[in-house]
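Take a look at the sequence and the model first, and then we can walk through the strands and charged pairs together.

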Amino acid sequence: MEKTVKRTISRAKPSTESTLLIKAAKNAAKNAIRTSKALGLDITYLKNGIIYKETVDGKVIAIGENKSEVPQKINLKKGSILNAKN
């Protein structure tokens, strides 16, 4: 009889800097949405992998799907050189 062991994945608590950055990004997004609505502009956003467009009168239209995939794990070795593209 074999035993099965369940492992739980624990996430590390974000650092203070990360928490502040996330909070600042949320505030910036709220301000941008509020300003766009005041100027009568459409808002485009991503939710659950689907791209939506919200018009000034409140209609929500599904434009398409997000097809980009984010790698779950990146294998880096000590001394790896990372290049950033502009």
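## The strand at the edge

How many of the 6 residues of strand E3 (residues 60-65) are buried? The count is 0, so to speak of cover, strand E3 has hardly any. Buried here means under 20% relative accessible area, exposed means over 50%, and partly exposed lies in between, with a 1.4 Å probe and protein chains only. Helices (H or I, at least four residues) and strands (E, at least two) are DSSP runs numbered from the N terminus.

Before going on, please note that this is a predicted model, in which local features need pLDDT of at least 70, side-chain atom pairs count only at pLDDT 80 or more, and totals for chains, interfaces and linings use all residues. Residues are numbered from 1 along each chain as its sequence is written, and side-chain values use heavy atoms, with hydrogens and water left out.

## The sheet

The open sheet has 3 strands in the order E1-E2-E3, with antiparallel pairing; two strands pair if DSSP finds at least two bridges between them. Strand E1 (43-47) and E3 are the edge strands, each pairing on one side only. On average, neighbouring strands of this sheet are turned by 30° against each other, direction ignored. That angle is taken between axes, which are lines fitted to C-alpha atoms (for helices over the stretch in contact), and angles run from 0 to 180 degrees between N-to-C directions.

Strand E2 (residues 50-54) is joined to E3 by 5 bridges. Across this pairing, isoleucine 51 faces glycine 64 of E3, and glutamate 54 is opposite valine 60. The hairpin of E2 and E3 has 5 residues between the strands, and glycine 58 adopts a positive phi near 100° there.

## Charged pairs

You will find 2 salt bridges in the structure, each defined as a side-chain nitrogen of Lys or Arg within 4 Å of a carboxyl oxygen of Asp or Glu. In one, lysine 37 meets glutamate 54 at 3.9 Å, N to O. Because lysine 37 lies in helix H1 (residues 16-38) and glutamate 54 in strand E2, the pair ties together parts 17 residues apart in sequence. Lysine 37 is partly exposed, at 47% relative accessible area.

Aspartate 42 pairs with lysine 53, their closest N and O atoms being 3.6 Å apart.
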